[in-house]
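Dear colleague,

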Amino acid sequence: MLRAGALVVVGGAAVPLTGCDLFDRDDDKPPPPDPLEPLAAESAALSARHRAAIAADPGLADRLSPIADAHQAHADELRRVIGRPAPSGAPSGTPGASGAADPADPADPLAGLREAERAGRDNAAKACAAAPAERAALLGSIAAARATHLEALK
């Protein structure tokens, strides 16, 4: 009887130990960033830059709104593929966010947008070339869209 009681006590003491941090491993690390994260952020930033140019010159709305909408659709689809929402501290697309000149150049308000689109097209093409097959079609479409945006901005 004493042996049975000792086993219950020892067994009962062992059960709570398995639930403590002593035996837990830190396997709940966040996943590494997805390689498409920068392209998704860039798409959102390009959309915001086009919207800022429209706000600065409403006469550009007919020309730039479809481009801004396309960039936002790309950002949304990339986020869907990545499977995570945009980080809470994501760039808001302020001028210069994609590394190009300010789109509010009084001599040519579209110059900065052309540079941003050119850089964005190149980034999308590089991402497409490096992507696995299941992502290449999407990235190729984004690169092609950005190339057509360049033509629309001439």
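The notes below cover confidence and helix packing.

This is a predicted model, in which local features need pLDDT of at least 70 and side-chain atom pairs count only at pLDDT 80 or more, while totals for chains, interfaces and linings use all residues. Residues are numbered from 1 along each chain as its sequence is written, and side-chain values use heavy atoms, with hydrogens and water left out.

The protein has an average pLDDT (the predictor's confidence in each residue, from 0 to 100) of 81, and 70% of the residues score at least 70. Helices here are DSSP runs of H or I with at least four residues, numbered from the N terminus.

Helix H2 (residues 37-56) and helix H3 (residues 61-82) have axes that come within 8 Å and cross at roughly 160°; axes are lines fitted to C-alpha atoms over the stretch in contact, with angles from 0 to 180 degrees between N-to-C directions. H2 is therefore roughly antiparallel to H3, a term for angles over 145 degrees.

The axes of H2 and helix H4 (residues 111-130) come within 11 Å and cross at roughly 165°. H2 and H4 are therefore also roughly antiparallel to each other. Residues in this contact (heavy atoms within 4.5 Å) include Leu39, Leu46 and His50 of H2 and Leu113, Ala116 and Asn123 of H4.

Yours sincerely

Technical notes: Helices (H or I, at least four residues) and strands (E, at least two) are DSSP runs, numbered from the N terminus. Angles under 35 degrees count as roughly parallel, over 145 as roughly antiparallel, 65 to 115 as roughly perpendicular and the rest as oblique.
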